[in-house]
Amino acid sequence: MSLLHLSFYSTFAISSLGLAFHRAHLISALLCLESIILSIYIALSTLPIENQTPSLTLMPILILAFSACEAG
Amino acid sequence: MKTTLLLNTSMLLTLLLILTPMLLPLLSKKLQNSPTTIIQATKAAFLTSLVPTMLFLFTGTDNITSYWEWSLITNFKIPLSLKIDQYSTLFLSTALFVTWSILQFASWYMIADPHITKFFSYLLTFLIAMLILTTANNMFLLFIGWEGVGIMSFLLIGWWQGRTEANTAALQAVLYNRIGDIGLILSMAWLASTTNSWDMQQLLPNTTETSTLPLLGLILAATGKSAQFGLHPWLPAAMEGPTPVSALLHSSTMVVAGIFLLIRTHPLFTNNQIALTLCLCLGALSTLFAATCALTQNDIKKIIAFSTSSQLGLMMVTIGLNLPQLAFLHISTHAFFKAMLFLCSGSIIHNLNGEQDIRKMGGLQKMLPTTTSCLTIGNLALMGTPFLAGFYSKDLIIENLNTSHLNAWALSLTLMATAFTATYSLRMTILIQTGQTRMSPITPMNENNPTIINPITRLALGSIITGLLITTYITPMHTTPTTMPTYIKSAAMLLTISGIILAIELSNMTHTLTQPKQNTLLNFSSSLGYFNPLTHRLSSLSLLNTGQKISSHLIDLSWYKKMGPEGLAAMQLTATKTSTPFHTGLIKTYLGSFALSIILLLLIH
């Protein structure tokens, strides 16, 4: 896969494993959650460009809104 | 001769004479009333009232006098107008004569009362209200008189206000009269909105069909005021008042106000067969019911009260036959002998030191000769003995009943009631006057007072000759039935005789009986048809129950507690309590499965 896909796919995988295994401090779980959200954001931003569907441009903003609600 | 001028002047003079004891004390401190002045005023008013009555009888002069006008709104005028016609002149003379005798009697009866002058002025106010009612030419004035007699009845029944029974009886009278007033106001409202007038002259030439609603209202008003069946319990209870009150109000004058209303408005009824049949059946039921209740009563005044109720039913039957003049004739003759019966009973009660139970009287014929003779005359007149006063009205009514095309049930009820009338009257006479004495040995028995004897004998004279006098001088408004089979002509007589025979047989049989055995019919009659406990308790119980259900149970308890705010909170609490066991909290396992799914994802790609 391309470099871009590798970057956010590996970020997602490592952050999820970090959320699952590092249980000593809850702040680490929070940071991992935020990085999961970040990787999803990057992926969703490149989605309309790659697949030529401009109507999906709103998706990353929505994801940010809902994740902010969920975290807060 | 200027008959109209003479008629008007004498009428006004009569009314002024009767108003004098009310007005003079207001003008000067020195002109206070006393029983004697009131009696003298009534006597003078009676003698003056003979002038318009004679004028009317001999020349047939009718008159309507309009004075002042209440202009409430521009197109609805209510003049203060008095109608002088057959009904009002005859009633005026009769009422004044009877009142004069009753007031004279009351000056002896109420002599021990400290407020005797107030009593007399109450009686006079009542009389004025009644005269307003009868001389009224429009419904407004009639309503004023109507309410006036109702209020005075309340005040007079509860005269001895220390007695609870007297207070409840007065309240009962007012409540039942009020229910009747609803009907009167309904008809007045209908008349005002449909015919735009409350004048009798404008309402009455209504020969086409009148709608039934105002007539039902008028019948309801008569039912309340004249104690027809359904609104009748107040009349026997009204015997709690002093005997002069019973004699004046509840025998001659007030209770006939309802019938008088129907007589005044009878042209409205002429073409409406529903209303006429209703009057007929209601009257028949009332007369039989009251006569049945009178059969087993032991209190003199209650027997006479039920007798009044029965005669009122008979008057209602006459209205139902579309014969208002005959009903009025019965009102006039009935006033005489009923007032006399009450006065005789008052004399007996006082002479026996307050004893009202006829089982404790006997042999009074020798001890109170005048009173008991007049009692007998009154009872004979009530039964319709030929050529006494009651005969002229009662026999005519029965004849007309028998020869009209009407409801057979109403006819048979009325005929049975006629027989019962004879029975209870004779029972009363036998138990009071004959046999050995059953009273206590020491009684203050003395009837040799002219204040008692004169009124009673005057009324006895009236009971004998009035029937003949009135029928001789009044032109009938309808043709009397002249040919009928013999058995129908003598039907009233035969029934009366059979009632007399029944009474004599029964009194012979039960002469030595101390306590009658109870059976269904006896219980029905002596507890007045179970009407009083049933209606008085049931109606108030159901009303209060419904009220409590709506206000307390429905609104307070169910809506606020079960369904409203507190109910919502309870629902949330239940939901929370149910879902708490589901949170088991095995975090490590959940995170482990999460990691497993991530690793699998990595392996696949």
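Before listing elements, I note that helices (H or I, at least four residues) and strands (E, at least two) are DSSP runs, numbered from the N terminus. This is a predicted model, in which local features need pLDDT of at least 70 and side-chain atom pairs count only at pLDDT 80 or more, while totals for chains, interfaces and linings use all residues. Residues are numbered from 1 along each chain as its sequence is written, chains are lettered from A and ligands numbered from 1 in the order in which they are written, and side-chain values use heavy atoms, with hydrogens and water left out.

**Second largest pocket.** I looked up which helices line it, and found that α2 (35-59), α3 (86-109) and α20 (450-473) of chain B each give at least two residues. A pocket here is an open set of points on a 1 Å grid over the protein atoms alone, where a 1.4 Å probe fits, with protein on both sides within 12 Å along at least five of seven lines; lining residues have an atom within 4 Å of a point. The greatest share of this lining comes from α20(B), with 8 residues. I noted a volume of about 430 Å³, a volume being the space filled by probe spheres set on the points, which are joined across faces, edges and corners. Of the 20 lining residues, Leu50(B), Met54(B), Phe336(B), Thr466(B) and Leu469(B) are the closest to the centre.

**Largest pocket.** I read off a volume of about 1,400 Å³ and a lining of 33 residues, with Leu295(B), Thr296(B), Arg427(B), Thr510(B) and Pro516(B) nearest the centre. Two or more lining residues come from each of α13 (273-295), α19 (408-433), α22 (491-509) and α23 (520-526) of chain B, and α19(B) gives the most, with 6.

**Record entry.** For chain B, an unreviewed UniProt entry lists residues 70-120 as "domain: NADH-Ubiquinone oxidoreductase (complex I) chain 5 N-terminal". I found that this span is 57% helix and 25% strand, and that its end C-alpha atoms lie 31 Å apart.

**Chain A.** I counted 3 helices and 0 strands, and the C-alpha atoms fill a box of roughly 45 × 30 × 10 Å along the principal axes. Among contacts (heavy atoms within 4.5 Å) in chain A between residues at least 6 apart in sequence, 38% join residues at least 24 apart.

Conventions:
UniProt positions are given in the numbering used here, feature names are shortened, and annotations may be inferred rather than shown by experiment.
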